[in-house]
2 protein chains.
Amino acid sequence: MNQRIGPVTARGQKTRQALLDAACEEFGTKGFYNASISSITRRAGVAQGTFYLYYRSKEEILRALVEHMNRSMRRTQSEAVQDASDRISAEIQGFRHFMRFALRHRSLYRVVMESQFVDPRIHRDYYQTLAERYARHLAKAQANGEIREGDPGTQAWALIGIAYFMGLRFPVWEEREPPDEVMDTLEDFITAALRPDPAAPSAEERPPG
Amino acid sequence: MNQRIGPVTARGQKTRQALLDAACEEFGTKGFYNASISSITRRAGVAQGTFYLYYRSKEEILRALVEHMNRSMRRTQSEAVQDASDRISAEIQGFRHFMRFALRHRSLYRVVMESQFVDPRIHRDYYQTLAERYARHLAKAQANGEIREGDPGTQAWALIGIAYFMGLRFPVWEEREPPDEVMDTLEDFITAALRPDPAAPSAEERPPG
């Protein structure tokens, strides 16, 4: 993780946020390689030298942005699914919520995708953190008999893969939420993929060990 | 589509292929932005000027590589699944085959991913061509009652999303095929997601219209 530099006063926090927002806009529209620190500071309305009080390089602010995306997505996803009655409902609600999140954060989405070509570790850490937390929820749901058995990490990656492409296809490419027939088919697909097999013995019925 | 330039003799074909292989290696290891035409021609063992007999720019050879990936993947996938008895078996066989393909073509995989940041149309065309052909197979399988009903385009994109992330996670990142417990869970996930709902009326039983 980064050692954070720069002023920690309220005003410092505001400048840091302005730099992050400007970098997101700059990377999202021009791409990382064509982006420049002078253009980021211009967008943020601060002097060019100010950038270096907070970040050492373009790579460092990219890493900070990807970490920011990870935190804000996890937080809003948790809020979105907290009232779900079971794991499958949580998945469906979470999926719909993610589509709206991706639509509002199209630049951030692009920044995360591009990060793999700047520093593969940033991108890999992003998805591994996400998948590990996700797999813990799925493992718990398996233990409760809410979803079908299997390697929870693999189920998590499969669901992330579906969400990633659907986010790319509609929010990022077409700048809209997926139409109803797409959401209906996805709901059906995910529900069928996760619903416990009625023929399989439940956790209580299985012999221990 | 590109207008193809350059010699079409057997020797010309060989040089073109050498340039494509060299570009794939160069983009795959250094990334598109750090790659240079002089380094590509050096890897291919040809004079730098020769490059321009075949491609006008680094962007143009990137597009040619992505089209090449699309063709060779579609061809080998079709071959891999031609003996499958039904669509779900074809999906499982195709999935296993894709993992081996991704492992053998890790550079090409990376080149396709990166193309979206060079020219988003290249990348979008790639996936749209893939998804449309895929959806046609799924629509036919639905009509035959081999898989569950739904928007076939959405089913295609969901399956592509799963394959993409699994290819990224194991062949690209870990340089190996997915372990058995991952393949078992995926097989189960995909089978459950596609298996026709026994409660739904079959195509023959439904009233026409």
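1. Arg148(A) and Asp197(A) form a salt bridge in which the closest N and O atoms are 3.9 Å apart, a salt bridge being a side-chain nitrogen of Lys or Arg within 4 Å of a carboxyl oxygen of Asp or Glu. Arg148(A) lies in the loop between α7 and α8 of chain A and Asp197(A) in the segment after α9 of chain A, so the pair ties together parts that are 49 residues apart in sequence. Over all chains, the count by this rule comes to 22 salt bridges.

2. A word on the basis of these points: this is a predicted model, in which local features need pLDDT of at least 70 and side-chain atom pairs count only at pLDDT 80 or more, whereas totals for chains, interfaces and linings use all residues. Residues are numbered from 1 along each chain as its sequence is written, chains are lettered from A and ligands numbered from 1 in the order in which they are written, and side-chain values use heavy atoms, with hydrogens and water left out.

3. Chain A contains 9 helices and 0 strands, where helices (H or I, at least four residues) and strands (E, at least two) are DSSP runs numbered from the N terminus. The C-alpha trace of chain A spans about 65 × 40 × 30 Å along its principal axes.

4. In the model, residues 13-73 of chain A are 80% helix and 0% strand, with their end C-alpha atoms 20 Å apart, while residues 36-55 of chain A are 75% helix and 0% strand, with their end C-alpha atoms 13 Å apart.

5. Between the chains, 39 residues of chain A are in contact with 39 residues of chain B, contact meaning heavy atoms within 4.5 Å. Chain A and chain B bury about 3,800 Å² between them, 69% of it on carbon and sulfur atoms; buried area is the accessible area (1.4 Å probe) that two parts lose on being put together, summed over both. Phe117(A), Phe165(A) and Trp173(A) supply 20% of the area that chain A buries against chain B, more than any other three residues.

6. The rule finds 2 salt bridges across the interface of chain A and chain B, and the side chains of Asp188(A) and Arg148(B) meet in a salt bridge at 2.8 Å, N to O. On the side of chain A that touches chain B, the elements giving two or more residues are α6 (106-118), α7 (120-143), α8 (152-174) and α9 (180-194) of chain A, and α8(A) gives the most, with 16 residues. The residues of that side divide into 20 nonpolar, 8 polar and 11 charged, with Ala, Val, Leu, Ile, Met, Phe, Trp, Tyr, Cys and Pro counted as nonpolar, Asp, Glu, Lys and Arg as charged, and the others, Gly among them, as polar.

7. A rotation of 180° with 0.0 Å of shift along its axis superposes chain A on chain B with an RMSD of 0.0 Å, and that is the relation of a two-fold axis. The same surface serves both copies, since 100% of the contact residues of chain A recur in chain B. Copies are superposed by least squares on the C-alpha atoms of residues with pLDDT of at least 70 in both.

8. A backbone detail deserves a look. Glu175(A), in the loop between α8 and α9 of chain A, has a positive phi near 55° although the residue is other than glycine. Glu175(B) likewise has a positive phi of about 55°. Most residues other than glycine have a negative phi.
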